[in-house]
Amino acid sequence: MHGQSWAVRVGTVFVLLGLGGAALAGPALNNLVIGATQEPDQLNIWEGAADTKENILALLFLGLTYFDVDGNLLPGLATEVPTFANGRLRVYYDAAGNFLRQEVDWTLRDDAYWSDGTPITTADVVFTFEVQNHPLIPVTFRTFSNKIAEIIVHDAKNFTIVYKEPNPFYANPSGRIGLARFYDLAPKHVWEPIFLEAEAQPEKAAEIITAKFLGADPATGRDPAKVVGSGPFKFVEWRKNQYLRVVRRPDFFLKPPGPEENYIQEVIVRFIIHEPTLLAALFAGELDATDDIALSGYDPAVLAAQAGEMFKVEAVPSGFIEMLNFNHFGHERYGEEGCALARDLLLHDVRTRQAIIMAIDREALAEAVFPGAIVTNSFVVRGDVGYNPDLYPWPYDPERAKALLAELGWKDSDGNGILDRITPDGRKVEFRLPHVTTPAPFRIRTQELLMEYLAEVGIKLEPTNLPAAVLFSTEFINRGSICSWPGIIEYAAGGGIGEVPADEISGELWADDPTTPEPLDNVPRRANGFAGSNVGGWVHEEYDRLHFAALNEFDLEKRAAIIREMQVIFNRELPFIPLYERVGIIMYKVGLANYVFAPIARTPFWNAWMWGWVERGAVRVY
Amino acid sequence: MLSFLVRRLLLVIPTLFLISVVIYALLALKPGDPLDELRFGNPGFTHADYERLVKLYGLDKPWYVRYWYWLGRAVRGDFGPSRRYGLPAAEFIFRQRLPNTLLLSGLALVVAFGVAVPAGVLCALRRHSFVDYTVTTLNFLGISVPVFWLGIMLIYLFSVRLGWLPAGSLGTPGLAAQGLGAYLWDRVRHLILPVVTLSSIQMATWTRFMRSSMLEVIHDEYIRTARAKGLPERTIVLKHALRNAVLPIITLVALAVPGVFSGAVLTETVFNWPGMGRAIYDAILANDFNVAMVALMFISLLILVFNILADVAYALVDPRIRYD
C-alpha cells in the first residue's frame, strides 16, 4: 500500500511535468517544426553550401530562377528565364565557328524586395559580382563568375551578363552544382559596409575576412535585423546547435492559392545531430517533419510501420551514387611515380575491374546496407535527362569473374584461398585488396559483405576506416599516386539531376580538360603538388573530349546525348564501380500540404511559401 | 607554503606553453585542413579555388609559423575566430558552450553526490537487507550499462512511449516568448533525462565507495565507544561515522570536477545538448583549429590549477605534509 502511493506520487510528478510543457509544433500554432541532423556553419551566401545550408537558404533566399517539382525552370526574382526563343540569350561565333561571346539579358521583378523592405535592384547584382570576384573575399567557387566578362546595367531592373566563355548553364540555379549559379544575390546595403571594412585592411585579410565577413552579422544571425534575404521567409533567430526560426514574409511576391494566412506562418528548423534522438522527437510529437538528409540510410518500410497513421514516409532520390573508386596509378603512363601495389594488383587493367564488379552481388548488397537504394551502372542518376538506360548491367557472376582473373594470370598456387601471381620482375604477389572508407555503419557493413563476395573469387579484401576529415583530406585522398590508398576507396558522388547531371560533369572527378597544355593537370601527383579532382587517376581521351563537349553544348538534348555516350565508355571501362543510388527519406505529418521533394532542386524546401496545414485551410497542390 | 605556491604557479606558464605547442602541432599535422570540407562538399570547387583560399587563410605557411601568430594573439586574449561559425573562438566556447556544460555536468555531479551518499549509508546500515541488494543491483546496472544506451532507453520510455519529458535539446523553440516561468519550467524538463543519464555512473560508483567506507567506519572503536556512551544512533551515524566515511568520496568528487568543464560527449550527443564535449570533438573533426585550441588549453589550465589546489588541500588537511 505504501509502495503503491509512492509510485503514484512519482507518476503524478511526471505527468505534471509533461502537462507543464507541451511541444510547440503543428497546426495549432500554424507553424512547422522540421528536424535536421546537420546544421549550417553560417548563412553567408559566398561560401559553398552543404545540403542543409541549401535548405535553410531556400527559406531565406530566392535566386533569379528556380526549379519546380517537375524540373521546369521558372523565373524567381527575374521576370522570365532567358532563352534563345525569347531573345534574351545570344551566342556569337566568328566565321570559323569559334566562340566570341555570350549575352544574357535579365529583368528583375518590380515587386521584388529584400526582407527589410528595400527594393532589389541591379546595384545588388553588380555588388554581388564585385564581391564574388574580389581577391580578398573567400568565395568558394568562381567557376561560373570567372566566365563573366562584364555586367552591363541598363537601369535599376535590367542588366545583361556578357560571358567570355560559353556557359550553357547560365540560368541554372542549382547551388550545389555551383557551375552555373549566379549566386543568391546579396543585399548591397547590408553587405557593402562589411565588404569595405575588410577591403580596407588587406594585410590582415585572413583574420578580418573570417571574423568580419564570414562571421558578419548577416551570416551568423547575431543581429537578426542584418540577415536580409530575398526569399519567402524572414529570419528571426538562430540558437546555434538548437534551432533556427523564420517567419512568413507578406511582401514576398510568390503566393500560395487562397488566403495567405491559411499557410505556415513560422518555420522552425531544429538541429538534432543524433538520428535516434531526432526520431524520438518526431514520434513524441515535437517535430512535424524531417528534411531530406536526416533519415538517409533508414529503411523506409520500417519507418512507415513505426509511423502508423501519423506520418507519411517518402523515399526520395538523393542524387548520390555510392561508389568504389580504384587506384589507377599502376598504369604505365605514371611510370615509376605510380603506386607499385596498385600495379601489382593490376587495378589499371579493365579486366580486373570488370572481374571485381561481377564478383559483387550488388542487388543483395544494396538491399542489405541501404534499404530502398537502387543498383546503378552509371554515374548519372535515373530520371535525369542524360541518364543512359541501355548500359550493360554487370550481373553478379563469380564464375566469369574468376575466369577474367585467371586470364590475367591469377591462380591460387598455394591453396590458401587467396589468388596469387608472379610479376614480370619475378615476385610472387597475393591479391590482397585494400579498401578504405569512412566508419559510417552502412559502409562498415558494405566492407563485411565485400569481404565475403571477393573471398569467393580468391580476393582478400583488407578493410580500413578513416574519419571523413582524414579520408577526404588532400593529404590522403589526393595521394593515391604515392599509395596513400593503394586499392579501393569508397565514397559517394553526386549523380546530379537536371541540366548539369553529375558531380563528374562540374567537378571533373575522372576527366581532364583536353584543351589545357598539361594533359594530366587534373590528376593529383607529386609533379603538380597533388592538385586536381581526378583522385583515382583514370584517363581516357575520348571520354575527356566528350566531357568538355557536353560542358559547352547549349542544346539540352544534344548535351544529354553526349552524356549518354560518356556513360557507354564509363560502363565499359569502369573507372569506378557504381554500387547503388542512395535514397533520401522525408517524413511529415499527414496534414501537411505541399511538403514535396523536388528531384532537380534536390530539396523539399523549394516551395516553402506553399507549405500549410490542410486543417488550417491550406490547399494541397502537390 | 607560499614559496611552494609561487613555484608551482610559475611552472604553470612553461607547462602551458609546451602543451600549446604539442596540441597545435598535433592539430596542424593531422591530415586535413579547414578547406577540405568545402572542397569535397562542392563539386565546383576547383584546385585554383583551393589554392586561392589556402593562401588567403595563411594555411600555406608551416605550422610553427602559424603557431607563433596564434601565440602572439593568444597572449593578448585573442584566440582567433572559429572557422566554422565565424564567431570569436573564445566567445563560442565560453559563452555558448561552457555554460551549458556547467549546468548539465554540474547538476549531474550534485545529483550523483546527493543520491550516492545517503544510498551508500543506507546500504551500509542495512547490510544484506532487501534495500542493500536492490541498491547494489542498481549500482551494477549503473556501472555496466553504457551511458548512450541508457539515454536512448530513457528517451524511448519517457518521451516516445509516455510523452512526459522532451527527447532532448536545451529547450522548446520559441518558449522564451511565453514568459520567464514557462521558460524556466521548460528548461528544467529538458534537464531531467540528461542529468539522470549523466549522473548514473558516478552515482553508482560513489554509492559503492560510500557503502564500503561507511562499513569500515561503523566498525571502528570510536563508534563502539559512542554507542557505549549511549549516544542516539542518528547522532552516531550523522555526526561521527558519516563525517569520516565521506572523506574518500570528497576526494573522488574533487577529481571529477575538471570533468565538469570538459563535457560529456556521449550524453551531449544523445540529448542534443550543445556542450564542451561535442564542441571539442566537432572542432577537431572539422579542423576548426582555433576552437579546438581554446577549449583544450582551457581544460589543460584547469587540470594544472586543480592539481595545485589538490596539493594545497592535502597540506591543509594533513599536518604531516609540508611543502617548505
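**Close-up 1. A:Ser484 sits in the loop between helix 14 (468–471) and strand 18 (488–494) of chain A.** Helices (H or I, at least four residues) and strands (E, at least two) are DSSP runs numbered from the N terminus. This is a predicted model, in which local features need pLDDT of at least 70, side-chain atom pairs count only at pLDDT 80 or more, and totals for chains, interfaces and linings use all residues. Residues are numbered from 1 along each chain as its sequence is written, while chains are lettered from A and ligands numbered from 1 in the order in which they are written. A:Ser484 counts as partly exposed because it has 19 C-beta neighbours inside 10 Å; with C-beta atoms placed from the backbone, a residue is buried if 20 or more other C-beta atoms lie within 10 Å of its own, exposed if 12 or fewer, and partly exposed in between. Setting aside neighbours within four places in sequence, A:Ser484 is in contact with A:Phe476 and A:Arg479 (contact: C-beta atoms, placed from the backbone, within 7 Å).

**Close-up 2. Helix 16 (residues 541–551) and helix 17 (residues 556–573) of chain A pack at an angle of about 160°, with their axes 9 Å apart.** This makes the two helices roughly antiparallel (angles under 35 degrees count as roughly parallel, over 145 as roughly antiparallel, 65 to 115 as roughly perpendicular and the rest as oblique). The axes are lines fitted to C-alpha atoms over the stretch in contact, and angles run from 0 to 180 degrees between N-to-C directions. Look for A:Leu546 and A:Ala550 among the contact residues of helix 16, and for A:Ile562 and A:Met566 among those of helix 17. The residues of this contact divide into eight nonpolar, one polar and three charged (Ala, Val, Leu, Ile, Met, Phe, Trp, Tyr, Cys and Pro are nonpolar, Asp, Glu, Lys and Arg charged, and the others, Gly among them, polar).

**Close-up 3. A:Asn30 has a positive phi, near 50°, in a residue other than glycine.** Most residues other than glycine have a negative phi. You will find A:Asn30 in the loop between helix 1 (2–19) and strand 1 (31–36) of chain A. With 19 other C-beta atoms within 10 Å, A:Asn30 is partly exposed.

**Close-up 4. B:Asn287 also has a positive phi, near 55°.** Its place is the loop between helix 13 (276–285) and helix 14 (289–317) of chain B. B:Asn287 is buried, as 23 other C-beta atoms lie within 10 Å.

Terms used: Two residues are in contact if their C-beta atoms, placed from the backbone, lie within 7 Å.
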